[in-house]
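Here is a friendly walk through one protein model, written for someone who likes cut-offs stated openly. Please have a look at the sequence and the coordinates first.

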Amino acid sequence: MKSFSLMAASLAVWGLSGAAQATTVVNQAITEAEVRNAQTAWCKALVDISTTGATQGPAAAKALAEKVIDAAYGYQMGAVLFKPTLTVVPQTFRTTKAGALAYFVGGDSNFPKDTGFALKGWTKCEAKNAAVFIAGDSASSMGNVMITDKAGKVTTVDKTWTYVKDDAGQLRIVVHHSSLPYSGS
């Protein structure tokens, strides 16, 4: 009985008693469905930016692209490891939001070679994973993204994304690597 009293006293010191207390559980685990939903949302956003650029002009496309980047990427958490498909040295990697925005919609004199990848007349986008690797609070996917332009031509890119959840539990892209498939020459 003495050991029980000692244990109860120790728990009381730490504010832990035998009485039930409300418990807050934080679970940042990521599911395959969340990864697939994020990919579908990214594809929809690409087409939406392209459509907005064609119907409402570059300013409206830029405003939408800013919202998409804020919602999908983890730039508010720090640098994002973003290597877009069509970039060249010395601006191959886009670790800042400004760099990502310039890639998607162009019009930034700091990124003079960017013409706006999201403004290429895309009408459809689909992600097809080769694999998804989930390790608790992070997930990576690798596969292809097929993007269709207004003439019906499909461009396939190899894509790797890594996701984490922010403090609000929202999935964020923190690694985005994209390249054209090797053509054998």
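K83 is found in strand β1; strands here are DSSP runs of E with at least two residues, helices are runs of H or I with at least four, and both are numbered from the N terminus. With a relative accessibility of 14%, K83 counts as buried, a label that stands for under 20% relative accessible area, with exposed meaning over 50% and partly exposed in between (1.4 Å probe, protein chains only). Not counting residues up to four places away in sequence, K83 touches T92, F93, H176, H177 and S178, where contact means heavy atoms within 4.5 Å. T95 lies 12 residues from K83 along the chain, and their C-alpha atoms are separated by 8.4 Å.

A word on the ground rules: this is a predicted model, in which local features need pLDDT of at least 70 and side-chain atom pairs count only at pLDDT 80 or more, while totals for chains, interfaces and linings use all residues. Residues are numbered from 1 along each chain as its sequence is written, and side-chain values use heavy atoms, with hydrogens and water left out.

In the loop between β1 and α4 sits P90. The peptide bond leading from V89 to P90 is cis, with omega near 10°.

Now to the sheet. Its 5 strands run in the order β1-β5-β4-β3-β2, forming an open sheet with mixed pairing; two strands pair if DSSP finds at least two bridges between them. The edge strands, β1 and β2, each pair on one side only. From one strand to the next, the twist averages 25°; axes are lines fitted to C-alpha atoms, for helices over the stretch in contact, and angles run from 0 to 180 degrees between N-to-C directions. Strands of a sheet pair through backbone hydrogen bonds, either parallel or antiparallel. Between β4 (residues 154–165) and β5 (residues 171–179), the pairing is antiparallel over 8 bridges. There, D158 stands opposite S179 in β5. Helix α2 packs on the sheet and touches β2, β3 (138–149), β4 and β5, its direction making about 155° with that of β2.

Which residues does the disulfide join? The structure holds 1 disulfide, a term for a pair of cysteine sulfur atoms within 2.5 Å. This one joins C43 to C125, with an S to S distance of 2.3 Å. The cysteines come from distant parts of the chain, 82 residues apart: C43 belongs to helix α2 (residues 32–56) and C125 to strand β2 (residues 122–135). The link of C43 and C125 is left-handed, with -45° about the S-S bond. C43 is buried at 4% relative accessibility, and C125 is buried at 15%.

Aromatic pairs number 11; rings of Phe, Tyr and Trp (its six-membered ring) pair if their centres lie within 6.5 Å, and planes under 30 degrees apart count as stacked, over 60 as edge-to-face and the rest as tilted. Two of the pairs are set out below.

| Pair | Centre to centre | Angle between planes | Type |
|---|---|---|---|
| F82 and Y103 | 6.0 Å | 85° | edge-to-face |
| W161 and Y163 | 6.3 Å | 45° | tilted |

Because F82 lies in strand β1 (residues 81–83) and Y103 in helix α4 (residues 97–105), their pair ties together parts that are 21 residues apart in sequence. F82 and Y103 are both buried, and W161 and Y163 are buried too. One aromatic cluster takes in W42, Y73, Y75, F82, Y103, F104, F117, W122, W161 and Y163.
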